[in-house]
Amino acid sequence: ISQPSSSSYSMRRYTAQLAAPAQHRDACLPSVRSSRRLLVSLDAFRSLLTKFGIDMTEALLQVAAAHADRYCRCALRYPGCNMRFVRGEIEYLDRAGIEDGSVDLVISNCVINLSPDKARTLSEAYRVLRAGGEMHFSDLYCDRRLPAAVRAHPELLGEGLAGALYGNDFIRLCRKVGFTDPRQLECEEVRIIDPKLKELVGEARFFSITYRMFKVPGRMEDLCEDYGQVAVYKGTIPGCPHAYDLDDHHRFVTRKPMLVCGNTASMVGETWLAPHFTVTGDRAMHFGQFDCCGGNGPKPAAAIGSPAASGRGTGGGACAGAACCV
C-alpha cells in the first residue's frame with residue numbers, strides 16, 4: 001500500500017472517507033495506490049464481487065498480488081481471493097482490457113493528480129462504468145491554476161501538489177466526459193509547512209476532497225431543477241440504519257420524506273442506491289430551478305476560495321464546491 005509523503009504539509013484527512021456500497025453487483029475497479037482504510041471499507045462488498053486493481057509499476061503490483069489471497073481469506077473471511085491486479089495506465093484502461101460498461105464502482109485515492117492527462121483519465125472511468133455505477137475518489141485540488149514552473153517543480157510533483165487541479169477546471173472536465181453533477185463528500189485544507197514550498201506556491205491553497213460521481217446517461221442536468229420529486233430513505237444500507245449521507249449537504253434521515261432536485265432523484269432512484277430509496281414523482285412537471293438554500297433544506301457546497309464553509313461534514317474551510325445546487 002502506497003501513500004504520498006506527508007513530510008512537507010500537514011493534514012488530518014488525506015485519504016478517502018467512504019462507506020463502500022454493499023449492493024454493487026459484479027465488479028469494482030480500485031487503484032492499487034489506495035489507503036488501508038479504503039481497502040478495509042471494501043469489506044462491505046459481497047465476496048463474489050470481482051475487484052480489479054490497476055497500476056503502472058510492476059513492483060507495486062507484485063506486493064499487492066502477494067498479499068491478496070491472505071487478505072481475502074483472513075481479513076475478509078472470503079472462501080477465496082476475488083482480487084485481480086493488472087498492469088496498466090489509468091489514462092488507458094482500454095489497453096488494460098477493461099471493457100465498456102463492465103464496472104460498477106471505480107475507486108481512486110490520490111492518484112489522478114499525478115496523471116498528465118486528467119481528462120482522459122476521467123473519460124476512461126466513465127467509459128468502463130455501467131449505467132447506474134459510480135466513481136468514488138479522493139484527491140488534491142487547488143483554489144487556482146498553478147503556473148507552469150510550479151507544475152513542473154520536482155519536489156512539488158513528488159508531494160502530489162504540482163498536479164492538483166483547479167477546482168472549477170475539475171468540474172468542467174467532469175461535465176465534459178459525462179459526470180455532469182459531481183458531489184462532494186469530504187473536504188480538508190492541506191496546509192504547507194515547509195518554508196521553501198510555501199514560497200514556491202505563494203497564495204495558492206490546496207484541499208483534500210472526496211468526490212462521488214454517478215453515471216446516469218441522459219438524466220443529469222448542469223443545474224438543479226425542481227420537478228416536485230420526493231425521496232425517502234428506507235434505512236437498508238448496511239451500516240446506515242438511521243440516516244444516509246449522499247454528499248456533504250444531502251442527509252437522508254430514515255423514513256423522512258425529503259424534497260429533492262431532479263439530479264438527486266436520479267442518483268438515489270436510478271443507480272445502485274435505488275433499492276434503498278423510494279422516489280415519488282417524475283419529470284413531467286417542471287417548477288423552475290431547485291432551491292437548495294432556503295429553509296432547513298440541504299445547503300450547497302461553497303466554491304473554492306470562498307470564505308464560506310462547504311456545508312455539512314467538511315469541518316469548515318473553503319473547499320471545492322460540487323456542481324449541485326450552485
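Reader: Which residue forms a salt bridge with R212, and how far apart are the closest N and O atoms?
Author: R212 forms a salt bridge with E134, and the closest N and O atoms are 2.7 Å apart. A salt bridge here is a side-chain nitrogen of Lys or Arg within 4 Å of a carboxyl oxygen of Asp or Glu. This is a predicted model, in which local features need pLDDT of at least 70, side-chain atom pairs count only at pLDDT 80 or more, and totals for chains, interfaces and linings use all residues. Residues are numbered from 1 along each chain as its sequence is written, and side-chain values use heavy atoms, with hydrogens and water left out.

Reader: Where do R212 and E134 lie in the chain?
Author: R212 is in strand 9 and E134 in strand 6, so the pair links distant parts of the chain, 78 residues apart. Helices (H or I, at least four residues) and strands (E, at least two) are DSSP runs, numbered from the N terminus.

Reader: Is R212 buried or exposed? And E134?
Author: R212 counts as buried at 2% relative accessibility, and E134 is buried with a relative accessible area of 0%. Buried means under 20% relative accessible area, exposed over 50%, and partly exposed in between (1.4 Å probe, protein chains only).

Reader: How many salt bridges are there by this rule?
Author: The count comes to 18 salt bridges. One of them joins R130 to D104, with the closest N and O atoms 2.7 Å apart. R130 lies in strand 6 (residues 129–142) and D104 in strand 5 (residues 103–109), so this pair ties together parts that are 26 residues apart in sequence. D104 counts as buried, at 3% relative accessibility.

Reader: What about K196: which residue does it form a salt bridge with?
Author: K196 forms a salt bridge with E155, the closest N and O atoms being 4.0 Å apart. Since K196 lies in helix 7 (residues 195–201) and E155 in helix 5 (residues 154–159), the pair ties together parts that are 41 residues apart in sequence. K196 is exposed, with a relative accessible area of 51%, whereas E155 counts as partly exposed at 30%.

Reader: Which residues are linked in a network of salt bridges?
Author: D100, E124 and R127 are linked in such a network.

Reader: Changing topic, how many aromatic pairs does the structure hold?
Author: The structure holds 10 aromatic pairs. One is Y126 with F179, which is edge-to-face at 5.0 Å centre to centre and 80 degrees between the planes. Rings of Phe, Tyr and Trp (its six-membered ring) pair if their centres lie within 6.5 Å; planes under 30 degrees apart count as stacked, over 60 as edge-to-face and the rest as tilted.

Reader: Are Y126 and F179 buried or exposed?
Author: Y126 is buried, with a relative accessible area of 16%, and F179 counts as buried at 1%.

Reader: Which residue lies over the face of Y126?
Author: K215 does, at 4.6 Å from the ring centre. A charge sits over a ring if NZ of Lys or CZ of Arg is within 6 Å of the ring centre and within 35 degrees of the ring normal. R95 likewise lies over the face of Y92, at 3.8 Å from the ring centre.

Reader: Which residues form one aromatic cluster?
Author: F137, Y141, F170 and Y211 form one aromatic cluster.

Reader: Finally, why is strand 8 largely enclosed by the rest of the structure?
Author: Eight of the 10 residues of strand 8 (residues 183–192) are buried, so strand 8 is largely enclosed. Seven bridges join strand 8 to strand 9 (residues 206–214), and the two run antiparallel. Two strands pair if DSSP finds at least two bridges between them.
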